[in-house]
Amino acid sequence: MPTKLKPVDVAIVGVGLTGTIIAKELAEAGLKVVGLERGRWRDTDPDFAMPYVHDELRYVGRHELMQDLSRETITFRNNAAETALPMRQLGSFRPGEGVGGAAVHWGGLTWRFLPWDFETRSRTLARYGKGQLAEDCTSQDWGVTYDELERHFDRFEYLYGISGKAGNLRGRIVPGGNPFEGPRSREYPNPPLKTSYAGALFTQAAEKMGYKPFPTPTGALSRAYTNEYGATINACVYCGYCQFFGCEMGAKASPQTAVLPNLMKQKNFELRTHANVTKVDLDAARKRAIGVTYVDSRGREFEQPAEMVLLCSYVLNNVRLMLLSGIGKPYDPAANTGVVGRNYAYQTPSSVTLFFEDRVFNQFMAAGGMGMTIDEFNGDNFDHSGLGFIGGGFFQAATSGSRPIEVRPVPRGTPRWGSEWKRAVATYFNRSFPITIQGACQSYRGNYLDLDPTYRDAYGLPLLRMTFDRRENEHKMSLWLTDKAAQIAKAIGPSKMNVAPRTEKYTIVPYQSTHNTGGAIMGADPASSAVNKYLQSWAVPNVFVVGASAFPQNGGYNPTGTVGALAYWTLDAIRSRYLKRPGPLAG
Amino acid sequence: MGQSSGRRWFLKSVTALGGAASLPAPAPAAEPHAQHGTRVPSQTYMYLTQPEVAFVEAAVARLIPADELGPGAKEAGVATFIDRQLFGGWGTMAKMYRQGPWPEGTPQQGYQSPLTPQQVYRIGIGEVNAHCTKQYGSSFSALTAAQQDEVLRGLDGGKIGLEGVRSQFFFNMLLANTLEGFFADPIYGGNRDKVGWKLVGFPGVAAVYTAHVDQHGVPYNAMPVSIQDIVDKVAQVDEHGHPKHVLLTRKD
């Protein structure tokens with residue numbers, strides 16, 4: 001029998017990027033908040049201390065900061081005709097585990113999705129007509145606009161101290177920034193990082209071709225900065241151990257550096273680590289959450305009664321908890337009805353690697369999100385007439401850290417082993433750099449999340465099943481974008497190039513990006529979205545589901561900036577409206 | 001150590017940042033690892049049997065051979081690295097999902113073997129040695145280099161079929177572990193004398209690069225620093241624990 005605990009006002013499931021912000025704000029507003037985190041406590045000291053944190057095998061190869069799949073994983077198949085099998089080791093994406101979640105090991109890139117992204121379907125129909133969208137494409141509008149989110153983007157960027165350069169200040173185009181971004185109310189809180197050699201060459205070539213390169217906005221901080229919560233994030237030293245690592249300098253924005261120092265002092269907040277939530281408990285009518293059930297590190301089961309439940313864990317776990325708890329109708333792809341699990345999407349990354357004979361790039365001197373970007377080919381920033389696809393992605397000359405276990409490019413055609421390989425890796429490890437393309441991914445009827453009929457987690461509960469493949473839209477887009485990037489690469493003048501568009505069947509094996517999206521999507525219509533525009537469950541209004549699980553499809557950017565904005569957006573609705581009058585905020 | 005002397009490295013300077021004035025007192029024109037003195041590479045094994053060690057050493061010596069560019073995977077201690085990895089959590093799939101059923105699945109679905117890496121090596125090595133004995137009359141480690149390459153090419157691509165484990169699966173694991181062992185920090189038993197890092201010009205544990213990161217196109221030939229070097233105080237560190245890299249000029 002589970003032990004029943006003293007009721008609280010708010011139970012937060014997952015103490016990562018969104019959970020820490022929401023916990024801090026609601027605790028400060030006077031609510032009794034419990035944060036339930038299935039992993040352990042982690043902090044800059046001692047967990048990310050030198051020299052042990054500069055260990056590529058441990059952090060990248062053996063996934064030190066990432067989800068322990070022995071207890072819980074997902075199953076995967078490309079389409080519903082196949083039998084899904086468990087993801088036995090991490091590959092394509094790397095969710096976090098422990099306090100801070102994936103925002104401990106994230107790469108730092110902090111984007112605002114384009115105004116177009118939030119209105120993908122209606123703007124596509126308006127500009128191109130119905131023929132531009134694939135028949136089975138279920139991409140839709142978000143129910144929220146860029147303008148509504150602007151001040152929340154702003155607040156998140158100032159919380160995390162993002163380094164960048166504005167390109168559009170209240171409608172005025174500013175040289176040196178991204179001219180395609182939505183209007184922002186003010187400049188970034190911190191200036192851009194320094195420019196690497198790769199970034200400088202890319203900038204030169206791109207400008208010559210008429211593009212408008214600008215520094216990639218990132219949570220690796222260009223200078224020490226104290227945010228509104230009184231937390232100080234330090235200046236980055238370009239050590240190059242950033243994405244997949246914790247930061248020994250406390251110079252990468254994260255829950256640890258930006259929020260936890262304040263949150264852990266909140267009297268109304270209690271953190272429980274090793275608390276693995278297995279379901280949200282509902283009342284008999286299944287219209288109201290009465291709390292959550294979790295299992296602790298000794299296997300004991302607890303019921304934590306709560307007035308509100310906020311699902312703030314990773315995309316995949318948010319959706320799984322909804323399915324396990326019976327919150328909202330599961331998606332049925334055959335009938336195209338139901339909402340939970342619908343519109344799972346991902347990313348369509350591709351790249352061009354440039355090889356040189358006589359130039360060294362020192363790409364190991366780097367920071368997460370260090371790079372120069374162009375955005376000409378993102379969203380609907382270019383005319384898609386006749387191209388046969390929608391969406392795009394940003395191109396970046398990336399200097400995010402080259403370490404030789406994971407990053408050791410050799411020209412195509414080089415053998416995988418032996419003396420010839422050895423010569424190539426010795427020559428090109430320091431004489432190459434990539435232009436990466438963060439391609440978008442639309443949503444489709446056949447791409448969805450549900451519960452696996454066969455495989456179970458350590459508690460005997462069904463695993464989440466992912467059915468996913470990219471479609472013709474993504475393949476055409478990737479070919480087209482990667483060709484554009486190759487033209488820039490060619491202008492830079494490498495001796496060789498690997499041009500690698502993404503056109504093959506999606507595979508869960510090689511790392512691509514931890515940018516899973518959807519499954520508990522937001523929208524204006526309860527028939528086609530699991531949560532309303534405030535991320536509140538349509539079915540159980542005292543449950544909010546926060547994160548990239550709310551994205552109806554994925555844009556051509558890293559998701560974190562938009563996730564942060566959604567957290568503040570939700571919070572604003574909870575504080576200003578829900579707490580005064582609990583109940584549905586939309587519909 | 002003779003293998004690694006294909007190139008000579010000379011002390012040039014200490015990185016400009018953070019008290020660069022206080023140069024350590026190096027032995028000029030010395031091999032970097034000479035500073036380690038008498039550190040003896042481990043020859044003890046936790047999981048692999050002696051015939052298995054012989055196989056792994058012979059195989060990794062072909063995957064990353066010693067040649068005019070310097071030592072290969074065998075000299076780097078990759079067999080020791082693989083043995084320790086197999087003995088530890090990775091070799092027993094401590095953080096991997098291990099419940100059945102175990103259909104083979106599609107390539108897109110990834111690792112679906114019911115075998116742990118420990119078992120993959122045990123079965124794989126046994127069967128490859130049996131194949132070699134049948135085909136060439138002796139086990140893999142006793143073959144000529146050309147014969148060994150022929151066998152490895154047969155595994156890589158699946159031309160040589162194995163019974164207990166797919167040959168490509170075994171080969172991919174062996175190759176991935178060889179690369180890891182060649183490039184991982186030496187604390188794991190491979191990358192001895194940081195030969196992998198020296199080959200490609202990777203400095204290992206990072207220094208503060210703020211002053212260097214925008215020196216475009218300027219080579220940064222640092223004597224690589226390992227975690228062990230810092231713990232042993234062979235490398236000097238700044239107040240945050242970043243090593244002060246010693247820069248070298250290269251005389252080929």
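This is a predicted model: local features need pLDDT of at least 70, side-chain atom pairs count only at pLDDT 80 or more; totals for chains, interfaces and linings use all residues.
## Chain B

The secondary structure of chain B consists of seven helices and two strands. Read from the N terminus, the order of elements is β-α-α-α-α-α-α-α-β. Chain B has 252 residues, and 45% of them are buried. Of the contacts in chain B between residues at least 6 apart in sequence, 63% join residues at least 24 apart.

Helix 1 (residues 50-63) and helix 4 (residues 145-155) of chain B have axes that come within 10 Å and cross at roughly 85 degrees. Helix 1 of chain B is therefore roughly perpendicular to helix 4 of chain B. From helix 1 of chain B, the contact uses B:Ala58, B:Ala59 and B:Arg62, and from helix 4 of chain B it uses B:Ala145, B:Gln148, B:Asp149 and B:Leu152. By class, the residues of this contact are four nonpolar, one polar and two charged.

## Contact between the chains

Chain A contributes 63 residues to the contact and chain B contributes 53 residues. On the side of chain A that touches chain B, the elements giving two or more residues are helix 3 (56-61), strand 5 (85-86), helix 6 (197-208), helix 9 (419-428) and strand 19 (448-456) of chain A. Helix 9 of chain A gives the most, with five residues. The side of chain A that touches chain B has 30 nonpolar, 18 polar and 15 charged residues.

## Helix 1 of chain A

Helix 1 of chain A covers residues 17-28, and its 12 residues should span 16 Å at 1.5 Å a residue. The end C-alpha atoms are 17 Å apart, which agrees with that span.

In this helix of chain A, 11 of the 12 residues are buried, so it is largely enclosed by the rest of the structure. The buried residues include A:Leu17, A:Ile21, A:Ile22, A:Lys24, A:Glu25 and A:Leu26. Among the elements of chain A that cover the buried residues of helix 1 are strand 2 (8-13), strand 3 (33-36), helix 7 (255-263), strand 11 (269-272), strand 14 (301-311) and helix 11 (560-578). After helix 1 of chain A comes A:Gly30, which has a positive phi near 105 degrees.

## A buried loop residue

A:Val531 is in the loop between strand 21 (496-500) and strand 22 (543-545) of chain A. A:Val531 counts as buried because 31 other C-beta atoms lie within 10 Å, where the cut-off is 20 or more. Leaving aside residues up to four places away in sequence, A:Val531 touches A:Ala520, A:Met522, A:Gln536, A:Ser537, A:Trp538, A:Val545 and A:Ala550. A:Val531 and A:Gly328 are 203 residues apart in sequence, but their C-alpha atoms are 9.0 Å apart in space.

## Backbone exceptions

Most residues other than glycine have a negative phi, and most peptide bonds are trans. The peptide bond from A:Asp45 to A:Pro46 is cis, with omega near 10 degrees, and A:Pro46 is in helix 2 (residues 44-47) of chain A. The bond from B:Gly100 to B:Pro101 is also cis, with omega near 0 degrees. B:Pro101 is in the loop between helix 2 (78-87) and helix 3 (117-136) of chain B.

Positive phi values occur at A:Asn343, near 55 degrees, and at B:Lys233, near 60 degrees. A:Asn343 is in the loop between helix 8 (315-325) and strand 15 (348-355) of chain A, and B:Lys233 is in the loop between helix 7 (227-231) and strand 2 (246-251) of chain B. With 31 C-beta neighbours inside 10 Å, A:Asn343 is buried, whereas B:Lys233, with 8, is exposed.

Notes
Residues are numbered from 1 along each chain as its sequence is written. Chains are lettered from A and ligands numbered from 1 in the order in which they are written. Helices (H or I, at least four residues) and strands (E, at least two) are DSSP runs, numbered from the N terminus. Two residues are in contact if their C-beta atoms, placed from the backbone, lie within 7 Å. Axes are lines fitted to C-alpha atoms, for helices over the stretch in contact, and angles run from 0 to 180 degrees between N-to-C directions. Angles under 35 degrees count as roughly parallel, over 145 as roughly antiparallel, 65 to 115 as roughly perpendicular and the rest as oblique. Ala, Val, Leu, Ile, Met, Phe, Trp, Tyr, Cys and Pro count as nonpolar, Asp, Glu, Lys and Arg as charged, and the others, Gly among them, as polar. The expected span of a helix is 1.5 Å times one less than its number of residues.
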